[in-house]
Amino acid sequence: MFSGDDIRYMARALRLAERGLLTTAPNPRVGCVLVKEGRVVGEGWHERTGEPHAEVHALQEAGNLAAGATAYVTLEPCCHQGRTPPCTEALIAAGVTRVVAAMEDPNPRVAGEGLSTLRRAGIDTCSGVLAAEAEQLNAGFILRMRQGRPRVRCKLAMSVDGRTAMASGESQWITGEAARRDVHRLRARSSAIMTGIETVLADDPSLTARPGDGAEDEIRQPLRVVLDSRLRIPPDAKLLQMPGKTLLVTGVTDAEKKTRLTQKGIEVVTLPLKDDRLDLPAVLQYLGTLEINEVHLEAGATLCGALLQAGLIDELVIYMAPHLMGNAARGLFALPGLERMNQRIQLSINDIRAVGDDWRITATVEK
């Protein structure tokens with residue numbers, strides 16, 4: 001169904017889409033390549049939310065050469081008026097004769113209608129080339145469109161014997177500088193960085209993305225999300241002083257505390273408690289209404305374990321350092337009730353690679 005050229009040009013479009021990895025949220029990352037008579041005549045990618053989409057950039061570069069060209073797009077062109085006009089109209093007006101999409105857009109406002117609109121205008125269309133790669137690039141956006149919640153990536157740092165902190169609570173630093181830089185790049189690609197109040201009280205983290213190489217000036221700091229069921233956060237907590245936005249999710253109504261926090265620019269939302277703890281599915285559904293695509297989770301064993309047992313962690317990124325911390329040190333997850341082999345939580349390991357002196361293991365949670 002697809003030619004070698006189709007695959008080659010779509011691969012190029014996917015590489016272009018990756019350039020928007022840190023800047024397009026809540027929109028998907030999209031690339032476009034225009035090809036005419038075996039020659040690339042225009043390229044583009046969605047660079048930033050609110051700005052022109054990939055197809056428009058490619059059409060502008062191609063100019064009159066777009067007439068009669070094939071457009072390779074990593075996501076079905078939009079057919080509705082959003083922050084920008086529909087890309088289907090731009091492709092039709094430019095005289096493109098064929099559109100190849102890696103995948104259909106899961107957004108209910110599109111969901112195949114973009115390709116149908118193009119076909120009604122006499123444009124040849126097809127989809128599915130390098131679809132798995134396109135889905136991986138926008139896994140968070142796709143999950144939010146389909147289930148209403150963001151994708152959750154849980155980052156953990158551990159010793160070879162699976163420990164995250166000494167028995168005393170000391171945990172800085174388990175991994176080396178290269179691994180820590182890598183974590184900041186993961187933070188930067190996320191829509192939100194989430195933690196629990198126990199981590200705030202114990203470590204006083206900043207929860208900012210500092211990927212280096214000058215990228216801080218290019219990215220929008222992810223939303224900081226703190227799950228604080230009893231609103232115990234100290235007013236001088238470091239993350240409350242950081243640039244960008246902070247959201248506190250609580251289960252209590254304390255007007256005085258809430259007023260003090262909101263006066264400092266901190267958003268506080270009260271969600272239902274379940275068994276005296278925050279209802280975690282409700283938390284993620286709420287984050288979905290804020291158009292959060294990817295949540296980067298950095299938390300303690302209790303919150304990580306609760307999210308894992310609730311089926312709400314989609315990916316694990318584990319940095320393993322080459323040392324031992326002893327059997328009294330703290331483990332990765334609190335997972336009460338796991339007693340038999342048939343109760344194990346199964347993972348699929350997708351990647352293992354060295355990062356400095358440490359190893360990074362990337363795995364998805366089988367559901």
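User: Which residues of helix α4 (residues 113-120) are buried?

Analyst: This is a predicted model. A residue is called buried when its relative accessible area is under 20%. In α4, the buried residues are G114, L115, S116 and L118.

User: Against which elements do the buried residues of α4 pack?

Analyst: Packing is read from contacts between heavy atoms within 4.5 Å. The buried residues of α4 pack against α3 (87-94), β4 (98-101) and β5 (124-127).

User: Where are L207 and E291 found?

Analyst: L207 belongs to the loop between α8 (197-203) and β9, while E291 sits in the loop between α10 (280-289) and β14 (294-297).

User: Why does L207 count as buried, and why does E291 count as partly exposed?

Analyst: The relative accessible area decides. L207 has a value of 2%, so it is buried. E291 has a value of 36% and is therefore partly exposed, since that class lies between the 20% and 50% cut-offs.

User: Which peptide bond is cis?

Analyst: In general, most peptide bonds are trans. The bond that joins A25 and P26 is cis, with omega at about 5°. P26 lies in the loop between α1 (4-17) and β1 (31-36).

User: Is S229 buried or exposed?

Analyst: S229 counts as buried because its relative accessibility is 19%, and the cut-off is under 20%. S229 lies in the loop between β9 (223-227) and β10 (246-250). Leaving aside neighbours within four places in sequence, S229 is in contact with V249, T250, G251, V252, L273 and L278.

User: Which residues form a nonpolar patch on the surface?

Analyst: A nonpolar patch is made of residues with over 30% relative accessible area. Here I349, I352 and W359 form such a patch, and together they have about 320 Å² of accessible area. W359 is placed in strand β18 (residues 358-365). With a relative accessible area of 42%, W359 is partly exposed.

How values were computed. Residues are numbered from 1 along each chain as its sequence is written. This is a predicted model: local features need pLDDT of at least 70, side-chain atom pairs count only at pLDDT 80 or more; totals for chains, interfaces and linings use all residues. Side-chain values use heavy atoms; hydrogens and water are left out. Helices (H or I, at least four residues) and strands (E, at least two) are DSSP runs, numbered from the N terminus. Buried means under 20% relative accessible area, exposed over 50%, partly exposed in between (1.4 Å probe, protein chains only). Patches are made of residues with over 30% relative accessible area and no salt bridge: like charges are joined within 9 Å, nonpolar side chains (Val, Leu, Ile, Met, Phe, Trp, Tyr) within 5 Å. Accessible areas come from the Shrake-Rupley method with a 1.4 Å probe; for residues, only the protein chains shown count as cover. A salt bridge is a side-chain nitrogen of Lys or Arg within 4 Å of a carboxyl oxygen of Asp or Glu.
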